[in-house]
Amino acid sequence: MKNVFYILLMAIGLSFFWECNPNPQPEASRLLADAGRLIESNPDSAMQLIDSLFYPEESFLHKDYMRYLVLRVQARYKTHRPVAEDTLVFQARDYFSGREEPRQAALAWFYSGCVYRERKEYENAVQQYKEAGKHARQTGDADLQGLIQYNLGDLLAKQGFHLEALENYKKAERFYAQSPDKPHEKQANCLSAIGRMYALLNQPDSALLSFHTGLDLAGNRGDLPLQSLLAQNLGVMYKEAKQFDKAETYLRQSFRFNADSAKLPRYYLNFAELYTGMGRPDSAAWYTKQLKEHINAVEDDYFKASAYSYLAGREKEQANYEAAFAYQDERMNTLHRIMEERANQSVYEAHLKYDYEQMQKQYYRDLSVRRLWIIALQAMVIVGGVLFWWYWARQKNRQAEIRHNIETLKEMKRDLESTVYQKQLDLRRDILLGFDVARKVMELNREMTRPGKSGSGGALWGERFNKIVYGEESIEETWDALFRIFNAMRPGLAGKVREKYPDLTETEFRVCILTYAGFRVKEISLILHQSVHTVQTRRTDIRRKMGLEPGGDIAGHIDRLPD
């Protein structure tokens, strides 16, 4: 009987110990180790493993939990997910800083910098990156040091400190050059960044040297994909510099090295833009045709948006407005898909959070069943559950209120946009009517003053009519009225023309504005009291000063002026 009593007592004690120290996910340590092995070679798989850890606070010892925090933000960063809210990595940073684990400390400081960077707290981000560099030096890991220097250069470059960024990119390139694990790809990326900085510092020779060095590095290692990438970058750079012959050479070299048929539409776009700039319409038309035939096979929506933008512009230049509108619609649909994908990413995050909560709730329910015989512990579970549900309900109410406010603001925005749009339509109708009246007055005055009309009666009636319409006695003073109508229809455009072409005389400027407004040569000659021949001469001078060919479209050229 006594033995039975002791056995029961021991069983109760073991049960109590087990219930007070449960491990909700026994396989968590194995999953964390597997994620650590995959983080560099396959970050997407590592992210999936990390996502499967639904209760890390209870599944790991404190040290392993700190490793989990670093690994989680590392996986999110490598899979291009937002990390601005992953501030728990700051705990890991403080934890490893005081221990003899320089690699973990360097990673924790580096990804803390990434968090600050995404939160636009750039000063803190720079400080974190520099501290990461101090710890990385103790590891002797060239790849890690190169990663830190490269990102520090990126941060400085985006803030406009191109000279300082250049030095960091150079350090990163030297570190990657020391790495034994095939550093050439990262090294070539550094050389590409170095070239960009030299270009921004107005040192084109150094920029080209960096690009060529990267291309030579890839060539020495026989890395055809990398050669193709760098040659394409050189081609694009020469194309932007309008050195079209060299641009064609490097783009064709890149095309030869390319073995990925999925990249062909990108080449078609680059060649189409190149030959358009070179004035070779037949070649540009051929590559444009190829682009049209293959663009639907492309899965990269960002590229498709650029391609549709080019196609829309080309069709517009050729006056194929229906096709231009169609390509513009495709571009807008593509941008809409991009925004939806970004929204889906947020939905995925919310889905993960929901799964975590559901698994935690199930765990608590199972735990409550096992602890029914422990009254005190059961009470604690009930109180904890009540507090949790209270907090959850409070948060849900807040979210519902926020959603309601957002919908209200959206509705207000739609109403405002509708009102503004209607006002714009009304204004445009009034302006167009004003122009129409002005042009008909021109015709009436011309008819009244044409030889063969009866005496001075036509001119007298013309003066009276002009005084009623314009408040003047003749049509000679109508320029100010027409110019006011033009400024109301296209505010700021006249000023942009004056700023872009200050060498236009006052008469040339007026001819330019009236031409853009759609007035014919005879109408302009009547308004400005110039002969038809003089107006045509002025338009020829305007085209020359604007760099247009004889007979070029002045109005279309003004529409394409940059803001």
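**Entry 1: H80, and what kind of model this is**

I began at H80, which is exposed because its relative accessible area is 74%; by the convention I use, buried means under 20% relative accessible area, exposed over 50%, and partly exposed in between, with a 1.4 Å probe and protein chains only. H80 sits in the loop between α5 (62-78) and α6 (89-97), and its phi is positive, about 60 degrees, although H80 is not a glycine. Helices (H or I, at least four residues) and strands (E, at least two) are DSSP runs, numbered from the N terminus.

I noted that this is a predicted model, in which local features need pLDDT of at least 70 and side-chain atom pairs count only at pLDDT 80 or more, while totals for chains, interfaces and linings use all residues. Residues are numbered from 1 along each chain as its sequence is written, and side-chain values use heavy atoms, with hydrogens and water left out.

**Entry 2: The whole chain**

I counted 26 helices and 0 strands in the protein, and of its 563 residues 39% count as buried. Among contacts (heavy atoms within 4.5 Å) between residues at least 6 apart in sequence, 56% join residues at least 24 apart.

I then looked at pLDDT, the predictor's confidence in each residue, from 0 to 100. The protein averages 80, and 79% of the residues score at least 70. Over residues 345-356 the pLDDT is below 50, and this stretch has 11 contacts in the model beyond near neighbours in sequence. Confidence is lowest in helix α1 (residues 2-20), with a mean of 53, and highest in α7, at 93.

**Entry 3: Other loop positions**

I looked up N202 next, in the loop between α11 (184-200) and α12, and found a positive phi near 60 degrees in this residue other than glycine. N202 counts as exposed because its relative accessibility is 65%.

P26 lies in the loop between α1 and α2 (28-38) and is exposed, with a relative accessible area of 61%. I also checked P26 against F60, which is 34 residues apart from it along the chain, and the C-alpha atoms of the two are separated by 9.2 Å.

**Entry 4: Helix α7**

The 17 residues of α7 should span 24 Å, and the end C-alpha atoms are 24 Å apart, which agrees. Because 14 of the 17 residues are buried, α7 is largely enclosed by the rest of the structure. K120 follows α7 and has a positive phi, near 65 degrees.

**Entry 5: Q149**

I located Q149 in helix α9 (residues 142-158), where it is buried, with a relative accessible area of 12%. Not counting residues up to four places away in sequence, Q149 touches N168, K171, A172 and F175. The side chains of Q149 and N168 are joined by a polar contact of 2.7 Å; such a contact is a pair of N or O atoms within 3.5 Å, where within protein one must be able to donate a hydrogen and the other to accept it, and residues adjacent in sequence count only if both atoms are side-chain atoms.

**Entry 6: Helix α14 and S254**

I found that the 14 residues of α14 (residues 244-257) should span 20 Å and that the end C-alpha atoms are 20 Å apart, which agrees. F244, A247, E248, Y250, L251, Q253 and S254 are buried in α14, and the buried residues of this helix pack against α12 (204-220), α13 (224-240) and α15 (264-278). S254 counts as buried at 0% relative accessibility, and, leaving aside its neighbours within four places in sequence, S254 is in contact with S228, A231, Q232 and Y267.

**Entry 7: Helix α15 and its partner α17**

I checked that the 15 residues of α15 should span 21 Å, and the end C-alpha atoms are 21 Å apart, which agrees. The buried residues of α15, among them Y267, Y268 and F271, pack against α13, α14, α16 (281-294) and α17. G279 follows α15, with a positive phi near 75 degrees.

α15 and helix α17 (residues 301-317) pack at an angle of about 30 degrees, with their axes 11 Å apart; axes are lines fitted to C-alpha atoms, for helices over the stretch in contact, and angles run from 0 to 180 degrees between N-to-C directions. The contact is made by P265, R266, L269, A272, E273 and T276 of α15 and by F303, A307, Y310 and R314 of α17.

Note on methods:
Expected span 1.5 Å × (residues − 1).
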